[in-house]
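Welcome to this tour. Keep your viewer open and select each part as we come to it.

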Amino acid sequence: MLSGQVVLKIKDLVKNYDQRAVLKGLTLTVSQGEVLVVIGPSGCGKSTLLRCLNGLEPVNGGQIIFEGQYLTDPQTNWSRIRQRVGMVFQNYELFPHLTALENILLGPIKVQNKSREEALAKAEYWLNRVDLWDRRHSFPRQLSGGQKQRVAIVRALAMDPEIMLFDEVTASLDPEMVREVLDVITNLAQEGLTMLIVTHEMAFARAVADRIIFLDDGGIVEDSTPDVFFQNPATERARRFLNIFHYDDIHKPNGSLNLAKNNL
Amino acid sequence: MDLDFILAKGPIFLAAAQLTVTVAFFGILLSAVVGLLCAVVKFYRWPVAHRLVSAYIELARNTPLMVQLFFLYFGLPRLGFIWEGQTCAILGLTFLGGGYMAEAFRGGLSAVGKDQVEAGLSIGLNRFQLLRYVIVPQALAVSLPAISATTIFLMKETSVFSIVALPDLMYVAKDLLKEGHSSETNTLLVASYLAVILPISLIFAWLERRLRFAGFGS
């Protein structure tokens, strides 16, 4: 699956909000077809990292090189780049005044100047794949959260991106809708689409990732395979983070929850 | 009530109503264009332009239309700009209306979230396309009640055009009042304004209802 060709190179990336450093010199290389899952505690800079990659956040230092092109160059034509870098947001952000289909066709027709027939054929293909062709004339308000997010994924895919960025795309969904969205992403991963995924779904991360990037305090703490990271994390910081997702110990007689209760 | 008088003078009011509608149509249309441009400039906070726009909006909204018309009709000719009454009326209405429309549109634009802007940028839309396909359509729906109120307000403001010698509804009514028949003339005047403005109110009410049902649900 890994053809090895470098798609994206990030060198010493620095991003500050006001005076606070969010990314402190982050370096990362992504190859063609790789699925990177970025995890870490909230505020560690994982969403900021994705947003820097398609120019939604201006960076303060370092370099981002996408397919040989320096995105940190102030002359960057972001409209061109964004057609090749698909982005899916936590809160879907479908355009509420357009139907599902119109949401999907807008980019290909207006930005990429494709004919309506060509754009429609592609939309039909992708909507069928996410089981929503029948709902193409629905407005976003008429769709469930999971359906909205699947339309949002198709909207990004319709541009034929070379890399997809997923920013906590299941964080706003009810549990039963999380699955339908994750299945779509897993499917895309198996087809060899290059992806950067920020998520809190650990089981999903483990299943879909080629590489796990554990971010904390604006830098990469661990960069390893899912098996190594989840079974045998190299750092204490990662172990502590992973423990948050384990509930097995709570009900032991001397578990931390009981202690907390006694203290009350 | 002298029905013969009303029937005899009806055509005069019809012609005056046509003039009122024509001037109002162009004035309000241009107001909307000026207002939208001003609102966009303020929305993007373009460095110098947005201060100029703010100054214009304050000037337009805080001076009476009659004073603005005086300036256009009697003041500017001294500087060498001579316009006929109808042009003055349209320009005056645009100057006044542009300020109100700018505020009406601004409310709608500020209701469109930053996230929608980012979603639009993410599929590669440029600044103009973002406005055209994402921001303005959503803003229009939110602004519609304010746009409707401004349109009706501007329709009624046309009644001061008689000071630039434009034979509009108010002008012909004043003329007829000199000959007596005040109750007939007043009836014609009220009926004419109602006939012109009421349909516009109803159309906007219908539009608002439709858009509320379409109500985006966000």
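How many bridges join β6(A) to strand β7 of chain A, and do they run parallel or antiparallel? Select β6(A) and residues 163–167, which make up β7(A): four bridges join the two strands, and they run parallel. One bridge to click on links Val88(A) to its partner Phe166(A) in β7(A).

Before moving on, here is how to read the labels. This is a predicted model, in which local features need pLDDT of at least 70 and side-chain atom pairs count only at pLDDT 80 or more, while totals for chains, interfaces and linings use all residues. Residues are numbered from 1 along each chain as its sequence is written, chains are lettered from A and ligands numbered from 1 in the order in which they are written, and side-chain values use heavy atoms, with hydrogens and water left out. Helices (H or I, at least four residues) and strands (E, at least two) are DSSP runs, numbered from the N terminus. Two strands pair if DSSP finds at least two bridges between them.

**Stop 1: the mixed sheet**

Now widen the selection to the whole sheet around β6(A). Six strands of chain A form an open sheet in the order β6-β7-β8-β3-β9-β10, with mixed pairing. At the edges stand β6 (85–88) and β10 (219–224) of chain A; each has a single partner strand, so one side of each is left without a neighbour in the sheet. From one strand to the next, the twist averages 20 degrees. (Axes are lines fitted to C-alpha atoms, for helices over the stretch in contact, and angles run from 0 to 180 degrees between N-to-C directions.)

Residues 145–157 are α5(A), which lies across β6 and β7 of chain A at about 170 degrees to β6(A). Residues 236–243 are α9(A), lying across β3 (35–39), β9 (211–216) and β10 of chain A and running at about 95 degrees to β9(A). Contact here means heavy atoms within 4.5 Å.

**Stop 2: the antiparallel sheet**

Next, select β2, β1, β4 and β5 of chain A. In that order, these four strands form an open sheet with antiparallel pairing. Here β2 (20–31) and β5 (69–70) of chain A are at the edges with a single partner strand each, so one side of each has no neighbour in the sheet.

Zoom in on β1(A), residues 6–17: nine bridges join this strand to β2(A). Helix α1 (residues 46–53) of chain A lies across β1, β2 and β4 (61–66) of chain A, at about 115 degrees to β1(A).

**Stop 3: a link within chain A**

Show the side chains of Glu162(A) and Arg84(A). They meet in a salt bridge, at 2.8 Å from N to O. (A salt bridge is a side-chain nitrogen of Lys or Arg within 4 Å of a carboxyl oxygen of Asp or Glu.) Glu162(A) is in the loop between α5 and β7 of chain A and Arg84(A) in helix α2 of chain A, so the pair ties together parts that are 78 residues apart in sequence.

**Stop 4**

Bring chain B into view: its secondary structure comes to eight helices and zero strands. Its C-alpha atoms fill a box of roughly 70 × 50 × 25 Å, taken along the principal axes.

Which parts touch? 21 residues of chain A are in contact with 22 residues of chain B. The two chains bury about 1,900 Å² between them, 60% of it on carbon and sulfur atoms. (Buried area is the accessible area, with a 1.4 Å probe, that two parts lose on being put together, summed over both.) Select Pro96(A), His97(A) and Arg141(A): they supply 29% of the area that chain A buries against chain B, more than any other three residues.
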